[in-house]
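Let's read a protein structure together, one feature at a time. Have a look at the model first.

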Amino acid sequence: MYADTQNDITRQVVRAAQLLLAYGAESDLVEELSQRLGQALGLASVELSISSNSLVLTSLVHGRCVTTTRRIRQHGINMAVVCELQRICLLTEKGLYGPNDVRKRLAHIHPRTYPKWVLIPFVALSCGSFCHLSGGDAAACFITFFASAVGMYVRLAMAAKHFNVLVNFAVTAFVTSVLAQIGFIYQLTTTPRLAVAASVLMLVPGFPMINAISDMVKGHMNVGIARWGQATLMTVASVIGITIAMQLGGC
């Protein structure tokens with residue numbers, strides 16, 4: 001293998017690893033897929049060092065090492081991108097893709113998201129369902145649905161404007177909690193507290209926490225602690241928004 005070929009393959013492998021980390025894959029999966037993809041493309045071995053916001057990858061062919069570093073910029077969790085990268089790896093291992101095919105597929109990877117008119121009502125419905133499962137009456141479920149729908153709209157609008165995620169969570173929690181207190185103010189329901197509690201469940205950072213625990217259990221301690229810290233800050237931001245709203249509403 002020529003040096004230029006090794007450099008090109010290394011860039012493709014590190015790009016795949018960068019995308020996996022940016023869109024929420026756990027560190028163990030990033031390491032495994034990078035090594036499999038590199039070996040399928042002809043590299044003798046691939047070694048990675050993953051931190052909270054960067055990635056160092058070294059490839060080895062015939063005693064020649066190539067090391068490259070990439071910065072990781074979080075783009076939010078998107079399993080469609082992760083699944084697409086897994087598909088590329090599998091097709092490469094089967095011999096259906098070569099370096100040029102992998103390069104083209106990586107260049108055309110774009111995150112697919114649900115449109116707002118689908119996402120907002122389904123998130124609101126899930127929060128309303130949690131309220132119902134917790135024993136809320138029909139009025140509380142409707143209030144939860146309304147408050148979480150408006151809150152999700154605010155969250156998506158702020159994300160589109162590239163606000164800091166902590167500010168986003170705090171403002172969304174505030175707006176949602178203020179609207180959910182309608183049941184307290186006008187006594188529309190016998191279970192107003194359930195409406196307030198259920199309407200903000202969309203802000204629970206469950207996936208980041210699961211990834212954090214998974215990383216720490218599997219030995220990627222520094223990445224796991226960083227992800228746990230980020231999830232904790234998101235939770236604290238939500239609590240601040242909820243607390244301010246409840247203080248203003250007198251709950």
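Q: In what order do the elements of the protein run from the N terminus on?
A: Helices (H or I, at least four residues) and strands (E, at least two) are DSSP runs numbered from the N terminus. Here the order is α-α-β-β-β-α-α-α-α-α-α-α-α-α, which comes to 11 helices and three strands. This is a predicted model, where local features need pLDDT of at least 70 and side-chain atom pairs pLDDT 80 or more, while totals for chains, interfaces and linings use all residues. Residues are numbered from 1 along each chain as its sequence is written, and side-chain values use heavy atoms, leaving out hydrogens and water.

Q: How do I read the crossing of helix H5 and helix H6?
A: Two packed helices are described by the angle between their axes and the distance between the axes. Axes are lines fitted to C-alpha atoms over the stretch in contact, with angles from 0 to 180 degrees between N-to-C directions. In this model, H5 (residues 116-133) and H6 (residues 138-160) have axes that come within 8 Å and cross at roughly 140°. Residues in contact (heavy atoms within 4.5 Å) include Leu119 and Val123 of H5 and Phe145 and Met152 of H6.

Q: Is valine 204 buried or exposed?
A: Buried means under 20% relative accessible area, exposed over 50%, and partly exposed in between (1.4 Å probe, protein chains only). Valine 204 has 52%, so this residue is exposed. Valine 204 lies in the loop between helix H9 (192-199) and helix H10 (206-217).

Q: What share of the residues of the protein counts as buried?
A: Of the 251 residues, 42% do.
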